[in-house]
Amino acid sequence: MSVIVAASLTQRFGSDLGLDAVDVDVDAGEHLAVLGDNGAGKTTLLRILATAARPTSGSLEIFGLNATIERRRLRAVIGFVAHAPGLYPALSARENLEFYCTLQGVDRTRVAEVLEMVGLAELAGRPADKLSRGAQQRLAIGRAVLHDPKLLVLDEPDASLDSGGADLLARVMKGRTVVIATHDHALANRLCQRTLMLRHGRVVGIPTRLRVVH
Amino acid sequence: MRSIAVALAVARKDLTSEWRTRELVPALAQFIVLALVIANFGFQIDSHNAPAIAPGVLWMALVFAGLVAFGRAFASEREQSSLEAMLMTPASPAAIFAGKALAAALLLVLCEAVLLPALALFFGVPLSFDVVSAVLLATVGMAVLGCLFAAMVARVRARELLLPLLTLPLWIPFIVFGGQAVQVAMGGSGGTGNTSGLLIDLDILFVVLTSLTARFVLDD
């Protein structure tokens, strides 16, 4: 069963073309890596798939719902890690997550579980602006999985993570449908079943199956 | 009920951040005191003209402090890229907006707690319940309008210029009726109508209108 069915997604920024008729199809439980150079359109595609942006044209269905109309309903089942962590610097790691518990309608008991999962249990009381960039990224990943989403959209989540980052990503991706943008082909090979290569907003070649998952 | 919980959580988050960083209120309080000192030197204040001049000074200080307070409410969210993270939740954008407006209004009330006693001190005008209630009633409407436009311009580079251009024309009724109410309460001549009632009507009108439009402004 397809979780994401996107057809001819096109995004224009004035006269510039960010995405040019991109088709994406992701099955339930599948992990898709989106690869490409800087400016290839990875972030644009992921923002559309996460419902953070609307495409100029094309159609997008997520879990069978029209993603341009049912954005709020879909956001309850999508977790998104954007380029910037988007944390509140004066609030502690725990307070950041507790705040999002209220917004997500999730019980606060989930916070301790997520802090443990992303390896921040010992830094829970530290203000977000006193955390290292890698720890901030872990917190942003924790926020994205706070509501136990079925679909995870990760925009270069490995950018500031340390050597344990791949293990963390493997943990949070397990059992979920995932679209992840990365420059790291080795990481894509380890974590994903398929890759989609973008260049100048277009899909290059056909999506590649990396390995068979049983 | 969930919307109320979201609005309160957003307001609490903003107030906690301000309490810990003390970025806005101390600077605004200093600005207010300086504005009053300058006005005190700029006008030849005596017991006869103080009730006529003081309301004007009060509203000028309040308007400029409000523009800064409401502008920061959304500018900081944009700078931290945290507004998108909030909007990526199923929480209602109207509830998020209400929480932001509530926090900004409470911060402005804190500034008013400095402004009103300082005005009474510098201008020798009475500080009565009527003065306080007129200022608080105007704050509600000014806060929702200020926050709506602040959210609208937050993504624009020239937001510091655009915010007053959009907001001030719609604040004029609050300044007119609030000014009249304060002038009468301070013993000056002014409108004799029910200005408090008008301020309440305006508050209701703009709270409803901004609640309806917040969704389109925040979640484009």
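The radius of gyration is taken over C-alpha atoms, and the globule rule sets it at 2.2 Å times the number of residues to the power 0.38. This tour applies that rule to a predicted model, in which local features need pLDDT of at least 70, side-chain atom pairs count only at pLDDT 80 or more, and totals for chains, interfaces and linings use all residues. Residues are numbered from 1 along each chain as its sequence is written, while chains are lettered from A and ligands numbered from 1 in the order in which they are written.

**Stop 1: chain B**

Select chain B. With 220 residues, a compact globule would have a radius of gyration near 17 Å, and the 18 Å of chain B agrees with this. Along the principal axes, its C-alpha trace spans about 55 × 35 × 30 Å. Chain B contains 8 helices and 0 strands; helices (H or I, at least four residues) and strands (E, at least two) are DSSP runs, numbered from the N terminus. Of the 220 residues, 47% count as buried. A residue is buried if 20 or more other C-beta atoms, placed from the backbone, lie within 10 Å of its own, exposed if 12 or fewer do, and partly exposed in between.

**Stop 2**

**Stop 3: chain A**

Now select chain A, which has 7 helices and 11 strands. Its radius of gyration is 17 Å, close to the 17 Å that the globule rule gives for 214 residues, so chain A is as compact as a globular protein of that length. Of these 214 residues, 50% count as buried.

**Stop 4: strand E8 of chain A**

Select residues 177-181 of chain A, strand E8. Is this strand enclosed or open to the outside? As 5 of its 5 residues are buried, E8(A) is largely enclosed by the rest of the structure. On one side lie A:Thr177, A:Val179 and A:Ala181, on the other A:Val178 and A:Ile180, and all are buried.

Two strands pair if DSSP finds at least two bridges between them. E8(A) pairs in the parallel sense with strand E3 (residues 31-35) of chain A over 4 bridges, and A:Leu32 stands opposite A:Val179. Strand E7 (residues 151-155) of chain A also pairs with E8(A) in the parallel sense, over 5 bridges, with A:Val153 opposite A:Val179.

**Stop 5: the antiparallel sheet**

Next, show the 4 strands of chain A that form an open sheet in the order E2-E1-E4-E5, with antiparallel pairing. Strand E2 (16-27) and strand E5 (65-66) of chain A are the edge strands, each pairing on one side only. Strand E1 (residues 2-13) of chain A joins E2(A) over 8 bridges in the antiparallel sense. To finish, select A:Val5, whose bridge partner in E2(A) is A:Asp25.
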